[in-house]
Amino acid sequence: MIDEIIFRRESDQALEALKQALIRAEEDGGFEAEEKNGVLNVLFEDDSAKFVFTPNTPVRQVWISAQSTSFKLEWNEDAKAFTLPKTGEDLRTLTERLLREHLNDPSISL
């Protein structure tokens, strides 16, 4: 497990990069990204759902609550990224997939 200082630095950087990618994509995507108190939220224009991205320091994971599921991404030292152990998807790739599935829009690109 990575130490807390490294986790905070890496999770802050990963979530900020994701937020910037979401902001660039939101104009045509039907969603809006907002950050509040270190939590990143994706709100959908049709109020159908909300995705919540939270760093969880005690367990050194980034959690995504989306589509009635909790996705727990762990730091992958080889990839230098937070990844979902089950699929190997990194934070950005997983978020893109979840957005595409939720909005039924394969053209969404982060």
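**Salt bridges, step by step**

Reply: With a relative accessible area of 43%, E101 is partly exposed; that label covers values between buried, under 20%, and exposed, over 50% (1.4 Å probe, protein chains only). Keep in mind that this is a predicted model, where local features need pLDDT of at least 70, side-chain atom pairs count only at pLDDT 80 or more, and totals for chains, interfaces and linings use all residues. Residues are numbered from 1 along each chain as its sequence is written, and side-chain values use heavy atoms, with hydrogens and water left out.

Me: How many salt bridges does the structure hold?

Reply: To count as one, a side-chain nitrogen of Lys or Arg must be within 4 Å of a carboxyl oxygen of Asp or Glu. Going by that, the total is 8.

Me: Which helix holds both R97 and E101?

Reply: These two form a salt bridge, with their closest N and O atoms 3.0 Å apart. They sit 4 residues apart, about one turn of the helix, and that helix is α2 (residues 91–103). Helices here are DSSP runs (H or I, at least four residues), and strands (E, at least two) are too, numbered from the N terminus.

Me: Is E89 buried or exposed?

Reply: E89 pairs with R97, the closest N and O atoms being 2.7 Å apart. R97 has 28% relative accessibility, so R97 is partly exposed. E89 has 13%, so E89 counts as buried.

Me: How many residues apart in sequence are the parts tied together by E35 and K19?

Reply: Their salt bridge has its closest N and O atoms 2.8 Å apart. E35 lies in strand β1 (residues 31–36) and K19 in helix α1 (residues 4–29), so the separation is 16 residues.
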